[in-house]
Amino acid sequence: MTGSANRPLKRPPNRPPNRPVRIGPRAAAALVLVTLIGIAAFGWPLLADRQSGLAHSQDAPWLFAALLPLLVAIVVATIADNGMDAKAVAMLGVLAAVGAALRPLGAGTAGLEPMFFLMVLAGRVLGPGFGLVLGSVTMFASALLTGGVGPWMPFQMLTMGWFSLGAGLLPGPERIRGRAELLMLAAYGVVGAFAYGAVMNLQGWTIIPGLNDGISFHAGEPLAANLARFVAYYLATSLGWDLGRAVLTVVLTLTLGGTLLRALRRATRKAAFDAPVSFESGDADVRKPATDGYVSGHRG
């Protein structure tokens, strides 16, 4: 290999994209577990029947609010333990700080929340594992920054983690580029914005007093009846708010998305998260990462 030590090789076409966090078996199991518990935490009002203890108690929202932070922390720690190095932690810190700073800019005005567009693009470039951690950490940091700490915060952390994770699972991370990619991300942002609002409404619907009988939660009622009331509640209280979030996400994605995607991909290439470590001959105590993961440091 003499004379080729400094020549970068092309990425094999079947190689996965360079991403800071890969979800291994333990992290996947923890993620599935917390997702199932999260579904139960959000959806119990629609699933509980008259014979269920949950149907006759107001303890469930508070129980899940106490349980979810621990579960989210376990998932984040498990994913990080699978190989989140200093470069990934640094990028996580920067993006979480930017996202937390963006949230107060519009959170009190018609649902305009620019942090959602950043979560979509970061999840797309950096992958589902990093997206889950980033969404959860960003929501936690923004809650501290805005004073929004309460029983709803762990639900927000989990939902934002799902939102950013979903962006990382979109198809064609290495193939779809340009306008087609921006349109796909904008469409996901619309769906995700409304889904985030609907899921978060499930968290608060059961504990808000004084609602009109046609939109309030009736413990133990049949699924169809409570689902109809919830849809009416959502349309009456949140549709306009979520519409503002969706429109802003689309506008920012289509106008700034291309520039930010290129910047994130450039930073990811420079960080070379998947670069193996090799040793220079005759200098065994000096560790040298291979450029972009495909250059051997061996001298023949």
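The model is predicted, with local features needing pLDDT of at least 70 and side-chain atom pairs counting only at pLDDT 80 or more, while totals for chains, interfaces and linings use all residues. Residues are numbered from 1 along each chain as its sequence is written, and side-chain values use heavy atoms, leaving out hydrogens and water.

**Stop 1: the helix pair**

Select residues 86-102, helix α3, and residues 115-126, helix α4. Helices here are DSSP runs (H or I, at least four residues), numbered from the N terminus. The two axes (lines fitted to C-alpha atoms over the stretch in contact, with angles from 0 to 180 degrees between N-to-C directions) come within 9 Å and cross at roughly 160 degrees. That makes α3 roughly antiparallel to α4 (angles over 145 degrees).

Now show side chains. In α3, Met91, Leu95, Val98, Gly99 and Leu102 meet Met115, Leu118, Ala122 and Leu126 of α4; contact means heavy atoms within 4.5 Å.

**Stop 2: Arg103 and Glu113**

Select these two residues, both in the loop between α3 and α4. The term requires a side-chain nitrogen of Lys or Arg within 4 Å of a carboxyl oxygen of Asp or Glu. Arg103 and Glu113 are both buried (under 20% relative accessible area, 1.4 Å probe, protein chains only).

**Stop 3: Asp242 and Arg245**

In helix α9, select Asp242 and Arg245, which are three residues apart and so separated by about one helical turn. Their salt bridge spans 2.7 Å, N to O. Shared partners join Arg103, Glu113, Asp242 and Arg245 into one network of salt bridges.

**Stop 4: Arg265 and Glu181**

Finally, select Arg265 in α9 and Glu181 in α7, 84 residues apart. The closest N and O atoms of this salt bridge are 2.5 Å apart.

How values were computed: Parallel < 35°, antiparallel > 145°, perpendicular 65-115°, else oblique. Buried < 20%, exposed > 50% of the residue type's maximum accessible area, 1.4 Å probe, protein only.
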